[in-house]
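I opened this notebook to keep track of what I looked up, one topic at a time.

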Amino acid sequence: MSDSESTPSPATDVWTVRRILDWTIPHLKKHGSESPRLDAEILLAHARSCQRIQLYTQFDSPLTDEQRTMMRDLVKRRSAAEPVAYLVGHREFFGLDFRVTSDVLVPRPDTETLIVEAIERLKSLSQPRVLDVGTGSGCIAITLALNCRQSQVSAIDLSAAALEIAHQNAQKHAVADRIRFLHGDLFSPLAMDEQFDLISSNPPYIASAEIETLQPDVRLHEPRSALDGGVDGLDVIRRLVAEASRHLASAGCLLIEIACEQADAVTQLMAANGNYADIVVLKDLSKQPRVVRAIRKQ
Ligand SMILES: C[S@@+](CC[C@H](N)C(=O)[O-])C[C@H]1O[C@@H](n2cnc3c(N)ncnc32)[C@H](O)[C@@H]1O
């Protein structure tokens, strides 16, 4: 949609839904999008304030000037690799809609592996105490609060801006009164003797040097503090493993999301710690190691 293209003269040149999509899809593909049709449809639905599915019944509808201006801005930003979730301001996770901004990691389907396991562990407990470390958008803490109605949830993040988004998401899902949001480094906001039945974390776990090799969407736009796990990617995980056992109740469960190649290193860290038993690696839907689970020894 260059400026000259955006001023149609004959009636046939009107910017309809179909024409915008026909122009945007190859444009986004040329600029590196791996899902140009999906991206174009999500952005256009956002500009038109409708559901994506509704576009299919509106192919011949013209866009208003306002919608066209908005779409032009969205396409420009998407072409510069800004994630679609930041452009439209939300992302679905475990069937729930979460507000996201560039202050938080975009929730990933990979993290649903941790959720499924956590729900399974929590279902036999009455009023379980749950802690989510590095809560970001709050997607883990809020999903667990919603799926385990008896749970009492705490959520910690080092980023005050991320905690603000997490709090907004908790309000949106009507669980703000059941989640305690705490600001600080790992377990530091907690009392020394505070214990939980389940501790979850999707920490930063990418090796610093690897960040430059990631897709520009991630590398240029997602918060580095949500990604960078230090030289070998294990800086935060090492501290989590060392410090979590103090805050786990007897037989409490620790769930940490990992990069697939970290499974051996993380299981070894847990085994060497001495406070954990039943250390198991869980795979995601692509059959990749995704979560390490350990139980606090009695
Ligand atoms: C990979 S993101 C995960 C966000 C969210 N839990 C999710 O699964 O989408 C990691 C989060 O950990 C937070 N974080 C990084 N280092 C931390 C630390 N030392 N203490 C607490 N939070 C930390 C980051 O701010 C970021 O929000």
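Before sorting any residues, I wrote down the classes: Ala, Val, Leu, Ile, Met, Phe, Trp, Tyr, Cys and Pro count as nonpolar, Asp, Glu, Lys and Arg count as charged, and the others, Gly among them, count as polar. I also noted that I am working with a predicted model.

Entry on the ligand. I looked up which residues surround the ligand and found 23 of them, the closest being Gly134, Gly136, Leu158, Asn202 and Ala226. Sorted by class, the residues of this shell divide into 13 nonpolar, 8 polar and 2 charged. I then asked which helices and strands each supply at least two residues of the shell. Those I found are helix H6 (139-147), strand S4 (152-157) and helix H10 (224-227).

Entry on a hairpin. Strand S1, residues 90-93, pairs with strand S2, residues 96-99, in the antiparallel sense, and I noted 4 bridges for this pairing. Within the pair, histidine 90 stands opposite arginine 99 in S2. The two strands S1 and S2 form a hairpin with 2 residues between them, and in the turn phenylalanine 94 has a positive phi of about 50°.

Entry on the whole chain. I recorded 12 helices and 9 strands in the protein chain, whose C-alpha trace spans about 80 × 40 × 30 Å along its principal axes. Of the 298 residues in the protein chain, 37% are buried. Finally, I looked at contacts in the protein chain with a separation of 6 or more, and residues 24 or more positions apart account for 65% of them.

How values were computed:
Residues numbered from 1 in each chain as written. Predicted model: local features only at pLDDT ≥ 70, side-chain atom pairs only at ≥ 80, totals over all residues. Near = placed C-beta within 6 Å. Pairing = 2+ DSSP bridges. Buried ≥ 20, exposed ≤ 12 C-beta atoms within 10 Å, placed from the backbone. Contact = placed C-beta atoms within 7 Å.
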